[in-house]
Amino acid sequence: MIIYQVHKDIIGTTDEVPFAIKEFRNKIKLFEKGGNEKVFKEILKQQIDEFGFETDNLGFYLNENRQTIGSTIYVGNTLRRLQNLREIKEEDKPEIYYVSQEIGSQVQAFIEVLENEIPMLQKNSAIESGFNELEAFEIIYKDINHTRLFNGNDLNNVFKYRLLIILQECFAVMWISENYDSRIIDRDFVDEYFIQRFINIRMDSIIDSLINLKKFYISQFDELDNSTHGELSIALEDYMLHSFEKVAELRNTIHYDDVKNFYDYFIEDEMIDLTGILNLNRIIFKCIEEFLSISNIPSQY
(Lines give C-alpha, C1' and ligand atoms only; values in the text may rest on other atoms or scores of the structure.)
Protein backbone atom coordinates (compact mmCIF):
# COMPACT_ATOMS: atom_id res chain seq x y z
CA MET A 1 0.00 0.00 0.00
CA ILE A 2 2.78 2.41 0.93
CA ILE A 3 4.76 1.72 -2.25
CA TYR A 4 1.66 2.40 -4.33
CA GLN A 5 0.73 5.60 -2.48
CA VAL A 6 4.27 7.02 -2.62
CA HIS A 7 4.26 6.61 -6.39
CA LYS A 8 0.75 8.00 -6.76
CA ASP A 9 0.88 10.97 -4.38
CA ILE A 10 4.57 11.94 -4.18
CA ILE A 11 6.23 10.77 -7.39
CA GLY A 12 3.04 11.59 -9.27
CA THR A 13 2.59 8.44 -11.36
CA THR A 14 1.94 4.74 -10.85
CA ASP A 15 3.21 3.79 -14.30
CA GLU A 16 6.35 2.21 -12.85
CA VAL A 17 4.51 0.17 -10.21
CA PRO A 18 4.32 -3.52 -11.22
CA PHE A 19 0.80 -4.59 -12.17
CA ALA A 20 0.61 -7.27 -9.48
CA ILE A 21 1.41 -4.71 -6.77
CA LYS A 22 -1.43 -2.50 -8.03
CA GLU A 23 -3.82 -5.46 -7.96
CA PHE A 24 -2.66 -6.51 -4.50
CA ARG A 25 -2.93 -2.99 -3.11
CA ASN A 26 -6.47 -2.55 -4.43
CA LYS A 27 -7.62 -5.71 -2.64
CA ILE A 28 -6.23 -4.97 0.82
CA LYS A 29 -9.61 -4.29 2.35
CA LEU A 30 -11.97 -6.15 4.66
CA PHE A 31 -15.06 -6.11 2.48
CA GLU A 32 -16.27 -5.46 -1.05
CA LYS A 33 -19.06 -3.01 -1.72
CA GLY A 34 -21.71 -5.19 -3.35
CA GLY A 35 -19.39 -8.12 -4.08
CA ASN A 36 -19.01 -9.98 -0.78
CA GLU A 37 -21.12 -13.01 -1.72
CA LYS A 38 -19.21 -13.49 -4.97
CA VAL A 39 -15.84 -13.25 -3.21
CA PHE A 40 -16.95 -15.64 -0.47
CA LYS A 41 -18.09 -18.24 -2.98
CA GLU A 42 -14.85 -17.92 -4.95
CA ILE A 43 -12.76 -18.48 -1.82
CA LEU A 44 -14.91 -21.38 -0.64
CA LYS A 45 -14.72 -23.01 -4.08
CA GLN A 46 -10.94 -22.76 -3.99
CA GLN A 47 -10.85 -24.47 -0.58
CA ILE A 48 -13.15 -27.26 -1.80
CA ASP A 49 -11.27 -27.71 -5.08
CA GLU A 50 -7.96 -27.98 -3.25
CA PHE A 51 -8.96 -30.22 -0.34
CA GLY A 52 -12.19 -31.92 -1.43
CA PHE A 53 -15.87 -31.47 -0.57
CA GLU A 54 -16.28 -34.06 2.18
CA THR A 55 -12.96 -33.50 3.93
CA ASP A 56 -11.99 -31.00 6.62
CA ASN A 57 -11.33 -28.33 4.02
CA LEU A 58 -11.13 -25.17 6.16
CA GLY A 59 -8.03 -24.51 8.27
CA PHE A 60 -7.89 -22.47 11.48
CA TYR A 61 -5.15 -21.35 13.84
CA LEU A 62 -5.88 -21.32 17.58
CA ASN A 63 -3.81 -19.96 20.47
CA GLU A 64 -2.98 -21.82 23.67
CA ASN A 65 -6.38 -20.80 25.08
CA ARG A 66 -8.04 -22.37 22.03
CA GLN A 67 -9.18 -18.99 20.75
CA THR A 68 -9.29 -18.69 16.98
CA ILE A 69 -6.69 -16.20 15.76
CA GLY A 70 -6.53 -16.94 12.03
CA SER A 71 -7.78 -19.02 9.11
CA THR A 72 -7.08 -20.08 5.56
CA ILE A 73 -10.18 -18.07 4.63
CA TYR A 74 -8.26 -14.87 5.48
CA VAL A 75 -5.30 -15.94 3.37
CA GLY A 76 -7.60 -16.69 0.45
CA ASN A 77 -9.26 -13.29 0.78
CA THR A 78 -5.95 -11.42 0.82
CA LEU A 79 -4.19 -13.28 -1.97
CA ARG A 80 -7.09 -14.16 -4.26
CA ARG A 81 -6.11 -11.70 -7.00
CA LEU A 82 -2.36 -12.22 -6.82
CA GLN A 83 -2.57 -16.01 -6.94
CA ASN A 84 -5.78 -16.06 -8.99
CA LEU A 85 -7.29 -18.54 -6.50
CA ARG A 86 -5.23 -21.41 -7.84
CA GLU A 87 -2.81 -23.76 -6.17
CA ILE A 88 0.65 -22.33 -6.83
CA LYS A 89 2.24 -24.23 -9.71
CA GLU A 90 5.81 -24.19 -10.96
CA GLU A 91 4.99 -21.65 -13.68
CA ASP A 92 3.65 -19.22 -11.05
CA LYS A 93 6.86 -19.08 -9.05
CA PRO A 94 8.77 -16.67 -11.33
CA GLU A 95 5.92 -14.12 -11.08
CA ILE A 96 5.72 -14.42 -7.30
CA TYR A 97 9.51 -14.09 -7.08
CA TYR A 98 9.35 -11.07 -9.39
CA VAL A 99 6.77 -9.34 -7.21
CA SER A 100 8.82 -10.02 -4.07
CA GLN A 101 11.96 -8.77 -5.81
CA GLU A 102 10.20 -5.59 -6.94
CA ILE A 103 8.90 -4.88 -3.44
CA GLY A 104 12.39 -5.32 -1.98
CA SER A 105 13.92 -3.11 -4.65
CA GLN A 106 11.34 -0.36 -4.13
CA VAL A 107 11.74 -0.42 -0.35
CA GLN A 108 15.53 -0.23 -0.60
CA ALA A 109 15.24 2.77 -2.93
CA PHE A 110 12.95 4.53 -0.44
CA ILE A 111 15.36 3.79 2.43
CA GLU A 112 18.27 5.34 0.53
CA VAL A 113 16.26 8.49 -0.22
CA LEU A 114 15.12 8.82 3.41
CA GLU A 115 18.62 8.32 4.81
CA ASN A 116 19.98 10.99 2.47
CA GLU A 117 17.19 13.46 3.23
CA ILE A 118 16.80 12.82 6.98
CA PRO A 119 20.19 12.64 8.76
CA MET A 120 18.66 11.29 12.00
CA LEU A 121 17.83 8.06 10.17
CA GLN A 122 21.43 7.38 9.19
CA LYS A 123 22.89 4.49 11.12
CA ASN A 124 26.02 6.35 12.20
CA SER A 125 24.06 9.24 13.72
CA ALA A 126 21.15 7.54 15.44
CA ILE A 127 20.70 4.92 18.11
CA GLU A 128 19.00 1.95 16.52
CA SER A 129 16.17 0.38 18.44
CA GLY A 130 16.35 -3.30 19.20
CA PHE A 131 13.91 -6.04 19.97
CA ASN A 132 13.62 -8.52 22.84
CA GLU A 133 13.12 -12.03 21.58
CA LEU A 134 9.52 -13.19 21.62
CA GLU A 135 8.66 -15.99 23.98
CA ALA A 136 7.52 -19.12 22.20
CA PHE A 137 3.79 -19.70 22.26
CA GLU A 138 1.71 -22.60 21.08
CA ILE A 139 -0.31 -22.50 17.87
CA ILE A 140 -2.96 -25.19 17.49
CA TYR A 141 -4.07 -26.23 14.02
CA LYS A 142 -7.70 -27.19 13.52
CA ASP A 143 -9.46 -28.27 10.34
CA ILE A 144 -13.23 -28.57 9.85
CA ASN A 145 -15.58 -29.23 6.97
CA HIS A 146 -17.10 -26.08 5.47
CA THR A 147 -20.69 -27.29 6.01
CA ARG A 148 -20.22 -27.26 9.78
CA LEU A 149 -19.52 -23.54 9.80
CA PHE A 150 -21.24 -22.21 6.69
CA ASN A 151 -24.52 -24.03 7.30
CA GLY A 152 -27.06 -21.25 6.78
CA ASN A 153 -28.42 -19.20 3.89
CA ASP A 154 -26.18 -16.98 1.76
CA LEU A 155 -26.55 -13.94 4.05
CA ASN A 156 -25.66 -15.94 7.16
CA ASN A 157 -22.70 -17.59 5.48
CA VAL A 158 -21.28 -14.34 4.10
CA PHE A 159 -21.76 -12.74 7.53
CA LYS A 160 -19.65 -15.47 9.16
CA TYR A 161 -17.02 -15.22 6.42
CA ARG A 162 -16.69 -11.49 7.03
CA LEU A 163 -16.47 -12.02 10.78
CA LEU A 164 -13.52 -14.35 10.20
CA ILE A 165 -11.71 -11.62 8.27
CA ILE A 166 -12.38 -9.06 11.02
CA LEU A 167 -11.32 -11.54 13.70
CA GLN A 168 -7.87 -12.03 12.19
CA GLU A 169 -7.39 -8.28 11.76
CA CYS A 170 -8.28 -7.82 15.44
CA PHE A 171 -5.69 -10.41 16.42
CA ALA A 172 -3.05 -8.62 14.32
CA VAL A 173 -3.75 -5.38 16.23
CA MET A 174 -3.59 -7.25 19.53
CA TRP A 175 -0.30 -8.92 18.59
CA ILE A 176 1.31 -5.64 17.51
CA SER A 177 0.20 -3.82 20.67
CA GLU A 178 0.69 -6.59 23.22
CA ASN A 179 3.68 -8.52 21.87
CA TYR A 180 5.64 -6.47 19.34
CA ASP A 181 5.28 -3.05 20.98
CA SER A 182 6.17 -4.24 24.48
CA ARG A 183 9.44 -5.83 23.32
CA ILE A 184 11.04 -2.85 21.59
CA ILE A 185 14.35 -1.75 23.13
CA ASP A 186 15.48 1.90 22.88
CA ARG A 187 12.24 2.92 21.22
CA ASP A 188 12.73 5.62 18.62
CA PHE A 189 10.71 7.93 16.37
CA VAL A 190 10.17 5.30 13.67
CA ASP A 191 8.88 2.75 16.21
CA GLU A 192 6.29 5.16 17.56
CA TYR A 193 5.27 6.24 14.08
CA PHE A 194 4.78 2.66 12.90
CA ILE A 195 2.70 1.61 15.93
CA GLN A 196 0.41 4.62 15.65
CA ARG A 197 -0.02 4.33 11.91
CA PHE A 198 -0.62 0.58 11.89
CA ILE A 199 -3.18 0.57 14.70
CA ASN A 200 -5.10 3.61 13.46
CA ILE A 201 -5.37 2.30 9.89
CA ARG A 202 -6.32 -1.25 10.88
CA MET A 203 -8.87 -0.16 13.48
CA ASP A 204 -10.56 2.14 10.99
CA SER A 205 -10.92 -0.80 8.58
CA ILE A 206 -12.28 -3.07 11.32
CA ILE A 207 -14.86 -0.49 12.41
CA ASP A 208 -15.89 0.28 8.82
CA SER A 209 -16.55 -3.40 8.21
CA LEU A 210 -18.56 -3.79 11.42
CA ILE A 211 -20.67 -0.71 10.63
CA ASN A 212 -21.32 -2.12 7.17
CA LEU A 213 -22.43 -5.43 8.71
CA LYS A 214 -24.73 -3.66 11.14
CA LYS A 215 -26.33 -1.74 8.29
CA PHE A 216 -26.77 -4.51 5.69
CA TYR A 217 -26.90 -7.71 7.78
CA ILE A 218 -29.37 -6.51 10.38
CA SER A 219 -30.75 -9.77 11.79
CA GLN A 220 -27.32 -11.45 11.68
CA PHE A 221 -25.68 -8.54 13.49
CA ASP A 222 -28.47 -8.53 16.08
CA GLU A 223 -27.85 -12.22 16.71
CA LEU A 224 -24.15 -11.51 17.22
CA ASP A 225 -24.87 -8.57 19.52
CA ASN A 226 -27.46 -10.50 21.53
CA SER A 227 -24.90 -13.25 22.11
CA THR A 228 -22.74 -10.60 23.81
CA HIS A 229 -25.69 -9.21 25.83
CA GLY A 230 -25.28 -5.90 24.03
CA GLU A 231 -21.60 -5.49 24.91
CA LEU A 232 -20.56 -5.11 21.27
CA SER A 233 -23.10 -2.44 20.35
CA ILE A 234 -22.41 -0.46 23.52
CA ALA A 235 -18.68 -0.47 22.80
CA LEU A 236 -19.26 0.55 19.18
CA GLU A 237 -21.58 3.39 20.16
CA ASP A 238 -18.99 4.73 22.59
CA TYR A 239 -16.32 4.57 19.88
CA MET A 240 -18.54 6.35 17.36
CA LEU A 241 -19.19 9.09 19.87
CA HIS A 242 -15.62 9.69 21.04
CA SER A 243 -13.10 8.35 18.51
CA PHE A 244 -14.59 7.63 15.10
CA GLU A 245 -14.05 11.00 13.42
CA LYS A 246 -10.44 11.35 14.57
CA VAL A 247 -9.45 7.80 13.58
CA ALA A 248 -11.16 8.19 10.19
CA GLU A 249 -9.33 11.48 9.68
CA LEU A 250 -5.99 9.84 10.44
CA ARG A 251 -6.84 6.85 8.22
CA ASN A 252 -7.40 9.15 5.27
CA THR A 253 -3.85 10.47 5.60
CA ILE A 254 -2.48 7.21 4.18
CA HIS A 255 -2.88 9.19 0.97
CA TYR A 256 0.05 11.58 1.13
CA ASP A 257 -1.83 14.86 1.06
CA ASP A 258 0.16 17.98 0.21
CA VAL A 259 -1.61 19.89 2.98
CA LYS A 260 -1.37 17.54 5.96
CA ASN A 261 -0.62 13.83 6.23
CA PHE A 262 -0.14 11.28 9.00
CA TYR A 263 3.46 12.37 9.56
CA ASP A 264 2.32 15.95 10.21
CA TYR A 265 -0.23 14.80 12.77
CA PHE A 266 2.42 12.65 14.39
CA ILE A 267 5.15 15.29 14.78
CA GLU A 268 2.56 17.84 15.95
CA ASP A 269 1.49 15.40 18.68
CA GLU A 270 -2.07 15.19 17.43
CA MET A 271 -2.33 11.43 17.86
CA ILE A 272 -5.17 9.99 19.90
CA ASP A 273 -4.72 7.89 23.02
CA LEU A 274 -4.70 4.28 21.86
CA THR A 275 -5.89 2.86 25.21
CA GLY A 276 -9.60 3.07 24.44
CA ILE A 277 -9.18 1.89 20.85
CA LEU A 278 -7.16 -1.14 21.89
CA ASN A 279 -9.73 -2.00 24.54
CA LEU A 280 -12.48 -1.83 21.89
CA ASN A 281 -10.40 -4.11 19.65
CA ARG A 282 -10.16 -6.69 22.44
CA ILE A 283 -13.94 -6.52 22.94
CA ILE A 284 -14.58 -7.02 19.21
CA PHE A 285 -12.16 -9.95 19.10
CA LYS A 286 -13.75 -11.62 22.14
CA CYS A 287 -17.33 -11.12 20.89
CA ILE A 288 -16.64 -12.52 17.41
CA GLU A 289 -14.44 -15.37 18.65
CA GLU A 290 -17.05 -16.55 21.15
CA PHE A 291 -19.86 -16.17 18.62
CA LEU A 292 -18.13 -18.27 15.94
CA SER A 293 -16.84 -20.74 18.55
CA ILE A 294 -14.60 -22.54 16.05
CA SER A 295 -12.89 -24.59 18.77
CA ASN A 296 -16.22 -26.27 19.58
CA ILE A 297 -16.97 -27.32 16.00
CA PRO A 298 -16.00 -31.00 15.61
CA SER A 299 -13.56 -32.07 12.92
CA GLN A 300 -14.48 -35.03 10.73
CA TYR A 301 -11.05 -36.64 10.84
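A nonpolar core is a set of buried Ala, Val, Leu, Ile, Met, Phe, Trp, Tyr and Cys residues joined through side-chain atoms within 4.5 Å. In this predicted model, the largest such core has 56 residues, and those with the most contacts inside it are Leu-149, Phe-150, Tyr-161 and Ile-284. Helix 6 is the main contributor, giving 13 residues, the most of any element. Here is a short tour of the rest.

**Overall picture**
- The protein chain holds 12 helices and 5 strands.
- Of its 301 residues, 45% are buried.
- The accessible surface is about 16,600 Å², and carbon and sulfur atoms account for 52% of that.

**Around Tyr-161**
- Leaving aside residues up to four places away in sequence, Tyr-161 touches Asn-36, Val-39, Phe-40, Ile-43, Ile-73, Asn-77 and Phe-150.

- Gln-220, Phe-221, Leu-224 and Asp-225 are the buried residues to look for in helix 8 (residues 218-227).
- These residues sit on the same side of helix 8 because they cover an arc of only 135° around the axis.
- The face turned away from that buried side carries Ile-218, Ser-219 and Asn-226, which are exposed.
- Cover for the buried residues comes from elements including helix 6 (154-180), helix 7 (189-216), helix 9 (231-242) and helix 12 (274-292).
- Just past the end of helix 8, His-229 adopts a positive phi of about 55°.

**Salt bridges**
- The model has 7 salt bridges.
- In helix 3 (residues 36-51), Glu-42 and Lys-38 lie 4 residues apart, about one turn of the helix, and their closest N and O atoms are 2.6 Å apart.
- Glu-42 is partly exposed at 30% relative accessibility, while Lys-38 is exposed at 58%.
- Asp-49 and Lys-45 also pair in a salt bridge, at 2.6 Å from N to O, and they too are 4 residues apart in helix 3.
- Asp-49 is exposed at 52% relative accessibility, as is Lys-45 at 53%.
- Lys-286 and Glu-231 meet at 2.9 Å, N to O, and this pair links distant parts of the chain, helix 12 and helix 9, across 55 residues.

- Ile-103, Val-107 and Ile-111 make a nonpolar surface patch of about 200 Å².
- Ile-111 belongs to helix 5 (residues 93-117) and is partly exposed, with a relative accessible area of 35%.

Note on methods:
Residues numbered from 1 in each chain as written. Predicted model: local features only at pLDDT ≥ 70, side-chain atom pairs only at ≥ 80, totals over all residues. Heavy atoms only, no water. Helix = DSSP H or I, 4+ residues; strand = E, 2+ residues; numbered from the N terminus. Buried < 20%, exposed > 50% of the residue type's maximum accessible area, 1.4 Å probe, protein only. Areas by Shrake-Rupley, 256 points an atom, 1.4 Å probe, with all protein chains shown as cover. Patch = residues over 30% accessible without salt bridge, like charges linked within 9 Å, V, L, I, M, F, W, Y side chains within 5 Å. Salt bridge = Lys/Arg side-chain N within 4 Å of Asp/Glu carboxyl O. Arc of directions from axis to C-beta. Contact = heavy atoms within 4.5 Å.
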